[in-house]
Amino acid sequence: MFSHKSQASSSSKYTVTYNLNGGEGSIAAGTEYSLIRYQISGTVPAKQGSEFLGWAKAADASSAEFAPGAFISLSANITLCAVWKTTVVVPPEPPVDPPKPPCSKDVNGDGKIDVNDLIFIRNIIFGKIEMTADINADINGDGKVDVLDLIEIRNAIFNKD
Ligand SMILES: [Ca+2]
Ligand SMILES: [Ca+2]
């Protein structure tokens with residue numbers, strides 16, 4: 001029920017509380033009689049990475065209804081909620097390349113890395129074994145099977161970690 005206020009009506013005292021909505025610090029609640037205009041706190045709250053737009057009655061408001069220091073008439077207890085606009089845009093995580101599957105140096109697929117893999121890859125290099133998609137002989141991943149891959153395997157055999 002909203003009746004026109006008149007001087008004859010008894011004035012009630014109402015409370016204004018401030019919800020900083022994630023802002024730092026706090027602003028003390030204020031009280032004022034309904035017949036006297038209440039001045040909203042002039043304190044401008046701060047929130048890291050955000051710009052204070054003003055106050056609104058709804059906590060999830062995206063635009064402000066009242067500026068700091070503005071006068072409002074109270075007809076009920078109200079909570080003023082800080083309205084924030086995010087100013088710091090957190091960059092999205094750079095896409096992470098999926099890790100390459102470990103390039104098995106077990107070229108001939110017998111479960112161990114030994115001289116037979118060296119022979120196997122040498123046979124590929126010399127064309128004695130036909131390179132197929134199933135054969136993972138490009139150890140260093142440079143797109144071709146050559147002596148560098150042979151060296152990789154040799155190092156794997158003789159310089160085991
Ligand atoms: Ca092997
Ligand atoms: Ca290679």
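**Architecture and helix packing**

The secondary structure of this protein comes to two helices and six strands; helices (H or I, at least four residues) and strands (E, at least two) are DSSP runs, numbered from the N terminus. What we have here is a predicted model, in which local features need pLDDT of at least 70 and side-chain atom pairs count only at pLDDT 80 or more, while totals for chains, interfaces and linings use all residues. Residues are numbered from 1 along each chain as its sequence is written, with chains lettered from A and ligands numbered from 1 in the order in which they are written.

Read from the N terminus, the order of elements is β-β-β-β-β-β-α-α.

Let me turn to the strands. Strand β1 (residues 13–19) and strand β2 (residues 30–33) run antiparallel and are joined by four bridges; two strands pair if DSSP finds at least two bridges between them. Thr-15 has Thr-31 in β2 as its bridge partner. β1 also pairs with strand β6 (residues 78–86), in the parallel sense and over four bridges. There, Asn-19 has Cys-81 in β6 as its bridge partner.

I now come to the helices. How do α1 and α2 pack? Helix α1 (residues 115–125) and helix α2 (residues 147–158) pack at an angle of about 180°, and their axes are 9 Å apart. The helices are therefore roughly antiparallel, a term for angles over 145 degrees. Axes here are lines fitted to C-alpha atoms, for helices over the stretch in contact, and angles run from 0 to 180 degrees between N-to-C directions.

On the α1 side, Val-115, Asp-117, Leu-118, Ile-121, Arg-122 and Ile-125 meet Val-147, Asp-149, Leu-150, Ile-153, Arg-154 and Ile-157 of α2; residues are in contact if their C-beta atoms, placed from the backbone, lie within 7 Å. The residues of this contact divide into eight nonpolar, no polar and four charged. In this scheme Ala, Val, Leu, Ile, Met, Phe, Trp, Tyr, Cys and Pro count as nonpolar, Asp, Glu, Lys and Arg as charged, and the others, Gly among them, as polar.

Beyond four places in sequence, Ile-121 touches Val-107, Ala-137, Val-145, Asp-149, Leu-150 and Ile-153. Ile-121 and Val-145 are 24 residues apart in sequence, yet 7.9 Å apart in space, C-alpha to C-alpha.

Methods: Angles under 35 degrees count as roughly parallel, over 145 as roughly antiparallel, 65 to 115 as roughly perpendicular and the rest as oblique. Two residues are in contact if their C-beta atoms, placed from the backbone, lie within 7 Å.
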